[in-house]
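Visitor: I'd like to learn how to read a model like this one. Could we walk through it together?

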Amino acid sequence: MGSTEESTRESHYSKPLGIRFLEYIKRTTLSFRTHQTIVLVLTFFAYASYHATRKTTSIVKSVLDPASSSISLTFFPFKTQKLSWVLGDGWAPFNGSDGTALLGEIDLAFLSFYALGMYFSGQLGDRMDLRKFLTVGMIGTGIFTATFGFGYWLNIHSFYYYLIVQMFAGLFQSTGWPSVVSVVGKWFGKRKRGLIMGIWNAHTSVGNISGSLIASAMLQYGWGWSFVVPGLLIAVIGLGVFLFLPVSPESVGANREESESESPKKGGEGVTLAEPLLTSEQGLENDKAVGFIQAWRIPGVAPFAFCLFFAKLVAYTFLYWLPFYISHTAIDGEYLSSQTAGNLSTLFDVGGVVGGILAGHISDRLDARAITAASFMYCAIPALYLYRSYGHISLTINIILMLITGVFVNGPYALITTAVSTDLGTHSSLKGSSRALATVTAIIDGTGSVGAAIGPLLTGYISAKSWSAVFTMLMGAAMVAGLLLTRLIVAEVRAKIELSRSRDGSTLRPPAVPVEV
């Protein structure tokens, strides 16, 4: 009787084939903690592979448009001939006088369709099987990333070929972020959310670093390989996601109570890592997707979304143009090759890993997401100024300033796209809806991606006249990003003052004396 009831219950589950295979080998069901580990590892590498494919364009730019004497810095104008020798002759149509602008338009096409697709991906992600949705997105991304590289062997010099390929690549890329955040949000609880998601969000920088290293290493065999290899990598990881990713505890019948009983609690602590983020106060009655307009009305969504607009404008300008900027900047009187510049640019992402973890930890300790994000954005302003003004003096100074800039630029970006999005996706105003997280995440990151599209585009045009103007634009964007959170900062400060007063009042108030009646 019991076994029949258990088999009936398991028939409602949609366990991935890989999970079934692991359970067959172990001769027992996987524990809740094992499922959590699988989720963390798979989503980490899945989104790292998204960023690895996204990073390739910035590495190859210096090869597609090498000379650009008008773009190179004026510190050492007599080095222009040497610069062309280091980088090669380029690839039409990007090696002409308007090559930099064309590359900016390629970035705009990718990021515009990425931002547009993000809004639809959030809605679809809350209504579809996230495992299949993510798999399709990853394989599609791999196909179009490789297709861009095929232009090298097919000797394609049509600008519109590369433009259209990047449009489709942007659409498929938009499936990644809402999906992975929603899956992680369903498996992990609220305690130390900022720190945990800050560490997990290192996948962004790990993907950028690995993408830079792979693309740089492949350049010697032809720039097409810089796209094909990352494209194959994300497709393979996508198959792993299809085979092994459990999208929620309910989908695989994981026993959350088992994990809670195994997790020791500190005194007075009522929340464990196993407690779900997406709890429903009304059971399954409220298990329906949240509308797009309703998600925008959640308190805090709009300010953080527009803040991320400017934060990603800064971050993505570095993502797409930093290797190009380094290769066109005479550092200590010497120009670096495309491969060396690509490898050096990874240090910005190393700083980003530190910044993401630091921002998450500080926001957990202070219980103040807006204060932390704004503080980092304000600190990014002097960091950007110092990197532009003194980064060319020596390689050591360039590395130190690049690391510091990465900390302050990527810290708030990581915090808002992870912990803040999850906080807002499980806001009390949703009344327990368990299917809002992907939509809220998509709104915030989609709005940020509009800024991510505009930044690199403007850089393509502005850099032709002055890189100093580009850095002025970035510093202004960082300032606006911080100012947009002012109202939330005031609310957080006010709440902390009231909490402090209430605590002081409770300690000063004498204990109540029971009165006998």
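**Reading the fold**

Guide: Buried residues make up 55% of the 517 residues in the protein chain. Keep in mind as we go that this is a predicted model.

Visitor: How many helices and strands does the protein chain have?

Guide: Start with secondary structure: the protein chain has 21 helices and zero strands.

Visitor: And what share of the contacts comes from residues 24 or more positions apart?

Guide: Here you look at who touches whom along the sequence. Counting contacts in the protein chain with a separation of 6 or more, 84% are between residues 24 or more positions apart.

Visitor: What about the surface?

Guide: The protein chain's accessible surface is about 21800 Å², and carbon and sulfur atoms account for 65% of that.

Visitor: Let's zoom in. Is Ser205 buried or exposed?

Guide: The cut-off for buried is under 20% relative accessible area. Ser205 has 4%, so Ser205 is buried. You'll find Ser205 in helix α10, which covers residues 202–218.

Visitor: Which residues does Ser205 contact, leaving aside neighbours within four places in sequence?

Guide: Those are Asp349, Gly352, Val353 and Asn410. Take Asp349: its backbone oxygen sits 2.9 Å from a polar atom of the Ser205 side chain.

Visitor: Can we try another one? Where does Ile416 lie?

Guide: Ile416 belongs to helix α18, residues 395–425. With a relative accessible area of 0%, Ile416 is buried.

Visitor: How many residues apart in sequence are Ile416 and Leu308?

Guide: Compare sequence with space here: Ile416 and Leu308 are 108 residues apart in sequence, yet 7.1 Å apart from C-alpha to C-alpha.

Methods
Residues numbered from 1 in each chain as written. Predicted model: local features only at pLDDT ≥ 70, side-chain atom pairs only at ≥ 80, totals over all residues. Heavy atoms only, no water. Helix = DSSP H or I, 4+ residues; strand = E, 2+ residues; numbered from the N terminus. Buried < 20%, exposed > 50% of the residue type's maximum accessible area, 1.4 Å probe, protein only. Contact = heavy atoms within 4.5 Å. Areas by Shrake-Rupley, 256 points an atom, 1.4 Å probe, with all protein chains shown as cover. Polar contact = N/O pair within 3.5 Å; in protein donor to acceptor, adjacent residues only side chain to side chain.
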